[in-house]
Each structure stands twice: as structure tokens, then as C-alpha cells.
Amino acid sequence: MNIIVLIKQVPLSSDIGMDEETGVILRESGNTKMNPYDLYALETALRIREKAGGKISVLTMGPPQAEQVVREAYMMGADYGYLLTDRAFAGSDVLATSYALSQALTHIGIGDLIICGKQTTDGDTAQVGVECSEFLGIPCITNVKRIIDIQPDAVTIESDMGMTIEHARITYPCLIAVDKDIYQPRLPSYRKKKATALLPVEKITLNQLKDQNTTRYGLTGSPTQVIKIFPPSRTSTHEIWEGEHLGRRLFALLRDGKHLQENV
Amino acid sequence: MSHIAVHQNKAVDYKALSALCPFGAIVVDNGHIAVTSACRMCKLCIKNDTRGVFELVEDDVAGTDTSEWNGIAVFIEIYEMKIHPVSLEMIGKAQELAGKIGHSVYAAAAGEKIHTAHVEELLHYGVDELYLYEAPELKHFRIEPYTAVFEDFIVRRRPSVVLVGGTSIGRVLAPRTAARFRTGLTADCTILDIQENTDLDQIRPAFGGNIMAHIRTTKHRPQFATVRYKIFNMPERITNPTGTVIHCTLPPAKLNSTIEILKVHHKEKVKHLEEADVIVAAGRGIGSRENLKYIEYLAELLDGEVAGTRTLIEAGWIDPRRQIGLSGRTVRPRLIIACGISGSVQFTAGMNGSEKIIAVNIDPNAAIFSIAHIGIVGDVTKVIPELIENIKADAAADVKADAAAEGTAERSTS
Ligand SMILES: Cc1cc2nc3c(=O)[nH]c(=O)nc-3n(C[C@H](O)[C@H](O)[C@H](O)COP(=O)(O)OP(=O)(O)OC[C@H]3O[C@@H](n4cnc5c(N)ncnc54)[C@H](O)[C@@H]3O)c2cc1C
Ligand SMILES: Cc1cc2nc3c(=O)[nH]c(=O)nc-3n(C[C@H](O)[C@H](O)[C@H](O)COP(=O)(O)OP(=O)(O)OC[C@H]3O[C@@H](n4cnc5c(N)ncnc54)[C@H](O)[C@@H]3O)c2cc1C
Ligand code: SF4
């Protein structure tokens, strides 16, 4: 069984602030780590390999430094690692990221099962996996909470559809996005770190991809444009209420804040 | 290829220049300033450098002819016997946007069999054209047939904007369809507005809510956006709808799927405190165990969870799993109402990240007021029962209004 896990490097802390005046994003350190949601994706792959055998590859797209997350994945037990990197990919939105990843996946072989995380802690769109599946023309299921069974030709999963929980069987090749807490991710092992120190991380650049059309990648290939980024307004400062009819006032506040609508 | 060009002759303070980039993309390479592939094109370097070292060099890409795409479309989510309320909220937003540019509102719904009452309900909320797709294959949401339906609808109607609910289903359907049209999708928008030239202004939080991004999709159509539930307002129900219904079918081959749904069951309601959207928390100030019933009732009315301070846990009034604080749970609900809680640091450490904090305390100097967005100085044993009375009265009035509306509209419920 061939499993590919998509992983992304993200800034260390999600507690990124912004200078209200200059609009500069403040980062406590320049440090990065593997997107925490991707640890669950990798752990899922490791558990499946324990049961069904096979190989796990990880793929990340990012700057050269993103090699670090592939090394982290090696320390957890991944067999092969790929880094998709090229200046042509700079400024990619979801569409351009997914397209580049799908091209790289075709290059390395899409395998049986592609696993990605629920979302990232930076861009936070939860769309990359699904868009990849479209470009690859394979089915996908998101919000996967549990792997029920692994068969030679299909996987049976439990997924959270919001109002319901569903059990579904999906044949390979397919893509799943797993929820946080599907399994407890293992810690990187020192022994594996040493054992994989010399294991190469294969670099993939634009000229290895089948589609060489640069207008499909990077900023040019990105339909969405970030016009501006700014700090959220913290308008809800402190208000103090005193006097009569406090319960009625509170009711009006909750109604206007849509807390009295039916919840689904 | 679009990129950030560096005017080396203007670059003086290399260290200050590298510090401009929040993504670490500006580096000193071989004695020159260089922009690496870590660049996210956020343009902050251009904005914040006064000497004009950085410049955006853009390729001219031929985009879509935007004038061929008109109208605001909404994907309607119908599950079993219910229209997801986010669909109605989006219709309201779609009307507002369409009104500004003189366009129409379109909607598409899919299912095994769509109830007439649902169809009429949607028209009453102001949809001009409703496209219905019914087939046994559409009984459960599966990605391939639903994308085929949505694609068919978009090709037929060519809307400028497509709104999809940020639900479990919408968050798969929207990216899959947007990728098929090779167009942009902005996730979880909290503000939407439209320009005269039909460009949609989309504002969304990222980095866990620490940053807001203003996003546009100017050269591609349709412009996809997902919207979470309870962000936009419910539209008014209109009495004389004028919209029409268009029944569509797809060839069975397009409705194939390699996904087999084996079992569907409803979610149990018991939630972990950490996952609750709304929490009503009680402290010693509620006075008696007896009074806990108001707290529980309020939580039920708000579809929230009950929690408590350590004091009440130790008194045995509340289950230990419901303790908030340093030695309890850390929560970040959309709303927390702290009732009779002093606001010790050990308690607030577990909840001060909540989106909206309302505190009721009789003591105007209570510490909880320093972190509350709304501080209510009053007796919790009076304020909460009064609140409950008002909620109940309002719900009763709604039921009456609904009954009246059904009477006048003479809806067929067959
Ligand atoms: C403030 C801000 C707002 C943005 N808003 C939007 C927007 O609304 N629409 C839009 O199109 N773009 C947006 N972008 C750009 C977008 O964040 C990036 O394009 C990013 O590459 C992909 O999205 P994500 O981080 O949201 O990943 P998600 O879609 O949240 O990631 C889901 C999963 O996909 C996999 N994955 C994601 N990225 C990679 C990667 N580089 N390599 C390997 N696997 C990966 C991982 O398994 C991950 O768990 C925004 C960027 C910023 C800075
Ligand atoms: C190591 C350590 C760990 C701890 N961990 C936790 C923890 O995890 N969680 C936790 O909650 N505590 C914890 N505590 C305890 C904490 O310090 C406080 O003692 C506790 O939170 C106080 O609970 P309280 O607000 O319910 O009671 P009090 O502090 O007694 O406050 C009662 C409040 O009710 C108000 N009041 C009285 N009557 C009324 C009325 N009729 N209407 C409105 N308001 C009224 C009063 O003005 C007062 O502010 C910890 C303490 C230590 C030392
Ligand atoms: S555009 Fe943004 S990400 Fe790119 S170099 Fe400038 S500051 Fe860094």
C-alpha cells in the first residue's frame, strides 16, 4: 500500500500579532514547525502502515527551509520525502498551491491513499486537499474521525458531516482529510533521527512537472489576491451596565448577536 | 512570472529590510538583498519600506470576460427535512449584493426528493430562480455527483458570485467546484461587499483570527466564497414571491461515485466543554444549589453547556469535568456568561480567550469585570430569571407569527 501525506511548514506560534499602526505582522521568532493538524495525518498513515504494510511518502511545497518538516516526518517514521520548491511558486493561493501539489503528486505517483490535515494554522482555509483531489480526478472525504477498516482496494472511514456521523467506503486512489484527534501523534524519535540523518529529501522543481505553463503557478496562477491584511478590530471593549431591566437588555443583546437562533 | 523585484541601488540597511518581511522571505544573499520562494506576496515590504526598494512586477494575464457572468448564486443545503439556516442567511446577503449592482439571485438545491414546502420557503426568502436537481444518487452528499450538479448549474446560469455555507458539506463542495472552474475561493468570509464592476470584496480572518485579510478575485469568474453560519442576517420573509423553479436533470453517468455510504446516524448532543459554542458558567454568587436550575435552563435555551468555578465543583454542585480554569478546562467559546463569579486569575486563565465574555456580578469592583466585554452589575438571581422570561416570551411570539404567516401565504404542505 502506498500512502502519501501532505504536510506544510507553518510559523511556530498561532499567536501571531499585528502592529496596529504599521500593519506589520509580529512574530515572536522566525521559527517554524510542521502544521500541527498534519501530525494527525502522518500518524494516521503510520497506523495504517502498521496494519496493512506499505510505504509512506510525505510531500511539502514551500521554500528550501521547508525541508525541515520532511526531516521531522522522517523522525516519526515516514519512508520517503519530497520538497516541491521553486521561485515560480511564490505567492500561490489555494488554487495554485493545489495545482502545483497535484502536478508533483502525478510526478511521484499518486499511490493508493493521499492523506492531508484538516487545515493549517496560517492560511487556515482547509481547501488545499480537496482542490488537489479535483485536479487528480479522484474522490475525497473530509472530516475523517476514524479509520474503520483497510481493505486491499478501499478504505472504510467514519466522518463527521456536521449534523450526522457517516460511515463510508471509498475505493483507491482517493484522498482523505483527517480531523484532529483521530489518533494521538507519536513524538519524533531520536533513534530515527539518527537513522535518517543521511536519508535524502528529493527536491522537485517546476521543470520536473508535466505542466510547464508558468501562468498556472505562483502569484500569476492565483485567482485570489490579498488586497490588504489588517488587525481585527477589537471594538468589543468594556461596557458596564447598571440599573433596571438588565435581564431584558441582556436578552436584546443575545438576540442581536444571533445567540437565540436555532443551532445546527 | 509575477514577483517582487529588488532595486539594489536603493537598499541601504539590509537588516531593517530583512525584518520587513513577516515570512522571512527577504534575505541577504551574496551581499545582495534577495526575495526567496518563501514570499507570500503580501506586499507588506512594498508598503512599509519608504525608499522604494521593493516593487511588484506583475504579469498581464488575460482573465475571464467578467461581463459574461451575472447574478449572485447560493448553494442551498437541504438535509433530510430541513433547509440549513446558513442557506437562508446567504440568500439575504445575496439579495443585498444583487441589489447594489442590479443583478438577480439564483439558488441551486440537490437531493433525492425535494419537498414542495422547502421550495416555496426558498422563494419566500427572495430567490429569483431556483434550480432543482433530484435523483436517487443525490440522497447523501457524495463529492462526485454533487460537484456534477453544481457544475451544471454554474454552466447554465453563469453567476458572477457563488456563495456556499461553511458547513461540513460546503467546505468540500466549494473547493472542489472552484478548482473545476479554475477560479478563486475565499474561505469563511465575515464581510462581503460588491463593487460596481462586480468584483466581490471578501474579508476573512486567518492565522487563527489574529489577522484579517481583504481578498478579491478580479480576473476570474465565478467568484467563490464560503460563509459560516450565524455571520449574516436572516432575510425578511416576503408574502408574494415572484421567483420561478427550474427542474434540471443530469445523465446518470454523471452521478456515479466510488464512495458508498454505509451508515448515517445523528450526532449525539453531548459535547465536550472545549467544543461548546456557548457556555453558561456559575460561581459561588448564584447563592444556592437550587438556583443552579436557572443556569441549566439558560444553557439549554442558548444550546450551550453548563460550567462552574472550582468553588462549585468542590461543593459538589457541578460535575468536575465542567470546571473551567487553571486546574480545569480551557475554553474558547463564542459566548460565555459568567454568573456570580469573582474572576480569580485561576478561573480566568481558562476562559479569557473567549470571543464574547458577559459577566453578571453584584459587586461593581469584581475582578471579572476587567476581562468582561459586557459587565452587568446586578443580582444574578434576578437578572438571569428575567432574561429567561424574555427569551421564552420571544419564542412564543415567533411561533404565533409563523402560524400567521403560514395562514396568509396558504402554503401547500403536500
Ligand atoms: C491571511 C491570508 C489569507 C488567505 N486567504 C486565502 C483564501 O481565502 N483563499 C485562497 O485561495 N488562498 C488564501 N490564502 C493563501 C493560502 O493560505 C495559501 O495559498 C496556502 O498555500 C494554502 O492554504 P492553507 O494554508 O489555507 O492550507 P489548508 O487548505 O488549510 O491546508 C489543508 C491541508 O492541505 C495540505 N497542505 C496545505 N498546504 C500545503 C503545502 N504547501 N504543501 C503540502 N501540503 C499542504 C496539508 O495537509 C494541510 O493540512 C491566504 C493567505 C494568507 C496569508
Ligand atoms: C492552585 C489553585 C488552582 C485553582 N484552580 C482553579 C480553577 O481551575 N478554576 C477555578 O474556578 N478556580 C480555581 N482556583 C480557585 C480560585 O482561586 C477561586 O477561589 C475561585 O475561582 C473562586 O470561585 P467563585 O468565583 O465561584 O467564588 P468567589 O470568589 O467567592 O466569588 C463569588 C462572587 O459572586 C459575587 N456575588 C455574590 N452574590 C451575588 C449575587 N446575588 N449576584 C451576583 N453576584 C454575586 C460576589 O461579588 C463574588 O464576586 C484555584 C486556586 C488555586 C490556589
Ligand atoms: S511581499 Fe510579503 S512575503 Fe513577499 S517579500 Fe514582501 S513582505 Fe515578504
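Helix 3 of chain A spans residues 94–108, which is 15 residues, and reaches 21 Å from first to last C-alpha, close to the 21 Å expected at 1.5 Å a residue. (Helices are DSSP runs of H or I, at least four residues, numbered from the N terminus; the expected span is 1.5 Å times one less than the number of residues.) The model is predicted, and local features need pLDDT of at least 70. Residues are numbered from 1 along each chain, and chains are lettered from A and ligands numbered from 1 as written.

**Exercise 1.** Decide why helix 3 of chain A is described as largely enclosed.

*Solution.* Take buried as under 20% relative accessible area (1.4 Å probe, protein chains only). Twelve of the 15 residues of helix 3 of chain A are buried, so the rest of the structure largely encloses this helix. Among them are A:Val94, A:Tyr99 and A:Leu105.

**Exercise 2.** Inspect both ends of helix 3 of chain A.

*Solution.* Begin at the start: a side-chain oxygen of A:Asp93 comes to within 3.1 Å of the backbone nitrogen of A:Leu95. Then go past the end: A:Gly109 follows, with a positive phi near 95°.

**Exercise 3.** Find polar contacts (N or O atom pairs within 3.5 Å) of ligand 2.

*Solution.* Start with oxygen: one oxygen atom of ligand 2 lies 2.6 Å from a polar side-chain atom of B:Thr309. An oxygen atom of ligand 2 is also 3.0 Å from a polar backbone atom of B:Leu326. Next, nitrogen: a nitrogen atom of ligand 2 is 2.9 Å from a polar backbone atom of B:Val380.

How values were computed: This is a predicted model: local features need pLDDT of at least 70, side-chain atom pairs count only at pLDDT 80 or more; totals for chains, interfaces and linings use all residues. Side-chain values use heavy atoms; hydrogens and water are left out. Helices (H or I, at least four residues) and strands (E, at least two) are DSSP runs, numbered from the N terminus. Buried means under 20% relative accessible area, exposed over 50%, partly exposed in between (1.4 Å probe, protein chains only). A polar contact is a pair of N or O atoms within 3.5 Å; within protein, one must be able to donate a hydrogen and the other to accept it, and residues adjacent in sequence count only if both atoms are side-chain atoms.
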